[in-house]
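Below are some notes on the model, written as numbered points.

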There are 2 protein chains.
Amino acid sequence: MWILLVEDEKQLASSLKRGLEEEGHVVEVVHDGEEAELQGLVNDYDMVVLDWRLPNRDGKQILEHWRAEDRTFPVLMLTALGDLDHKVAGLDAGADDYMGKPFSFEELLARVRALGRRSSEMQNNDPVSVGPIELDLRKHWVKVCGIKRSLRPKEFILLELLLNEPETVFSKTQIAERVWGSAYYVSDNTIEATISTLRQKLAESFEECEEEFLEDNSKVIETIRGAGYRLNSNLTQTNE
Amino acid sequence: MWILLVEDEKQLASSLKRGLEEEGHVVEVVHDGEEAELQGLVNDYDMVVLDWRLPNRDGKQILEHWRAEDRTFPVLMLTALGDLDHKVAGLDAGADDYMGKPFSFEELLARVRALGRRSSEMQNNDPVSVGPIELDLRKHWVKVCGIKRSLRPKEFILLELLLNEPETVFSKTQIAERVWGSAYYVSDNTIEATISTLRQKLAESFEECEEEFLEDNSKVIETIRGAGYRLNSNLTQTNE
DNA sequence: CAAACTGAACCTTAAATTAAGCTTAAAACA
DNA sequence: TGTTTTAAGCTTAATTTAAGGTTCAGTTTG
């Protein structure tokens with residue numbers, strides 16, 4: 001997720017930033033109220049973590065302004081412990097959750113996760129299908145020509161990624177970010193190995209189809225040398 | 001259902017909590033008015049049981065605030081006996097039902113059930129059945145091939161969750177939120193242990209069936225590695 | 001001009017490593 | 001007390017690594 005972190009204590013801010021980044025988020029830090037307000041108006045963050053006491057503007061003003069401008073990202077506010085009136089005011093102003101300082105980092109992460117989940121559950125998890133391949137995320141199966149295939153977790157997510165945007169070529173970096181959550185630790189070879197096994201499974205499945213969709217069933221996933229991978233474009237063209 | 005119980009007498013609160021949990025609800029308890037107010041703003045409970053006399057805020061203030069913020073969950077208020085003015089004020093403020101203390105626990109349960117039924121967004125309490133498993137939330141029993149089985153509360157709610165959407169895979173996080181009410185405190189291992197005992201009980205029960213439904217009765221609940229758990233899909237396919 | 005060469009990108013497989021999940025008993029809770 | 005949670009050792013599956021093999025595009029050489 002893309003997170004804006006608004007916190008004037010620089011020490012705290014930077015340790016939170018690092019922690020959130022380790023969880024795979026992209027974090028922008030702002031130490032100042034006015035700056036925060038502007039950033040929030042200009043960017044579509046997935047979430048904002050907002051300290052309530054800030055130089056120049058207080059959290060409430062900022063949040064009210066954002067909500068008045070229809071900025072809908074979830075906001076997690078940080079308040080001093082026992083500052084109950086502020087909490088209530090914050091929730092009224094449109095905050096989605098709150099935490100009293102001091103808090104454990106684990107707790108912050110848990111809340112960020114929960115908020116993120118809440119907003120991502122709004123997105124569609126509907127079944128996807130391209131040509132003879134169908135994938136249902138909620139039920140967690142893949143069918144080729146109506147026959148179920150079992151895939152391992154990484155293979156599954158990777159296939160889902162390719163199916164969701166069938167024409168698009170995904171670079172190794174993009175794949176690492178979206179399947180592994182981060183490009184740091186993932187070697188090229190890891191991705192290649194995963195592509196390889198996924199390809200084999202898809203090829204086996206395509207063999208069992210009555211109809212023939214491709215000349216070469218080992219090319220359900222195409223390699224674009226130097227660029228990345230994509231679903232075989234014949235699957236999207238021939239079908240409807 | 002996911003119920004918030006606001007009651008400052010800790011003794012009473014904990015016995016109500018236990019009773020409601022035995023009925024298969026997920027219950028969160030708060031002893032303090034301000035904290036209650038916040039929790040109600042932040043979470044989408046299915047129902048709130050709200051004592052009218054509380055430290056820090058009184059029930060009426062809280063409820064009015066919630067309603068002003070469009071929190072629509074049904075609220076059952078608890079008032080001192082004979083406190084008629086309060087009752088009227090409470091209903092005006094948006095309470096859906098009231099009870100005078102002291103009350104019998106049975107009566108409380110009845111009203112909670114009634115309120116739950118009344119609220120349209122409630123999931124239906126109708127008996128669920130999948131294959132040879134039948135579960136009645138209201139009567140709180142489970143039968144396998146017609147033979148009753150006793151389950152512990154957590155096991156029961158978990159099974160209910162899986163039965164209600166038999167094809168769907170539930171992640172540990174989803175299970176934590178819907179069986180324990182929150183993913184914060186629940187460790188993976190807790191869920192695994194609960195699954196394990198539930199599995200064993202179901203397996204024993206399946207052994208006693210005349211008909212054979214599965215090759216391996218310890219697989220009534222399937223593990224989808226890296227994704228979560230679901231009811232064995234053979235139960236849903238062969239049936240009907 | 002075409003055959004051979006070269007280096008980079010990519011593929012494949014099996015072994016090694018790591019992670020996910022299971023189970024039981026004991027501890028903690030209510 | 002009965003239920004829930006934690007802890008520890010275990011089992012099994014998924015993932016990554018590693019090593020050698022291909023393919024491709026561009027370049028050199030016969």
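1. In chain A, α6(A) passes α7(A) in a right-handed crossing. A crossing counts as right-handed if the near helix is turned clockwise from the far one by less than a right angle, and as left-handed if anticlockwise. Helices here are DSSP runs of H or I with at least four residues, strands are runs of E with at least two, and both are numbered from the N terminus.

2. This is a predicted model, in which local features need pLDDT of at least 70 and side-chain atom pairs count only at pLDDT 80 or more, while totals for chains, interfaces and linings use all residues. Residues are numbered from 1 along each chain as its sequence is written, and chains are lettered from A and ligands numbered from 1 in the order in which they are written.

3. The axes of α6(A) and α7 (residues 172-180) of chain A come within 9 Å and cross at roughly 120 degrees. That angle makes α6(A) oblique to α7(A). Axes are lines fitted to C-alpha atoms, for helices over the stretch in contact, and angles run from 0 to 180 degrees between N-to-C directions. Under 35 degrees counts as roughly parallel, over 145 as roughly antiparallel, 65 to 115 as roughly perpendicular, and the rest as oblique.

4. On the α6(A) side, A:Lys154, A:Ile157, A:Leu158 and A:Leu161 meet A:Ile175, A:Arg178 and A:Val179 of α7(A). Contact requires C-beta atoms, placed from the backbone, to lie within 7 Å. By class this contact has five nonpolar, no polar and two charged residues. Nonpolar covers Ala, Val, Leu, Ile, Met, Phe, Trp, Tyr, Cys and Pro; charged covers Asp, Glu, Lys and Arg; the others, Gly among them, are polar.

5. The axes of α6(A) and α8(A) come within 10 Å and cross at roughly 80 degrees, which makes α6(A) roughly perpendicular to α8(A). A:Lys154, A:Glu155, A:Leu158 and A:Leu159 of α6(A) make the contact with A:Thr194, A:Thr197 and A:Leu198 of α8(A). Its residues divide into three nonpolar, two polar and two charged.

6. DNA strand D is surrounded by 20 residues, and A:Arg152, A:Pro153, A:Lys154, B:Arg152 and B:Pro153 are the closest. A residue is near a strand or molecule if its C-beta atom, placed from the backbone, lies within 6 Å of it. The elements giving two or more residues to this surface are α6 (153-164) and α8 (188-207) of chain A, together with α6 (153-164) and α8 (188-207) of chain B. The surface has six nonpolar, seven polar and seven charged residues.

7. The contact between the chains takes 15 residues from chain B and 13 residues from chain A. Helix α2 (residues 33-42) of chain B gives the most to the chain B side, with five residues.

8. Chain B has an open sheet of five strands in the order β2-β1-β3-β4-β5, with parallel pairing; pairing requires at least two DSSP bridges. β2 (26-30) and β5 (97-101) stand at the edges with a single partner strand each, so one side of each has no neighbour in the sheet. The twist averages 20 degrees from one strand to the next.

Key. Two residues are in contact if their C-beta atoms, placed from the backbone, lie within 7 Å.
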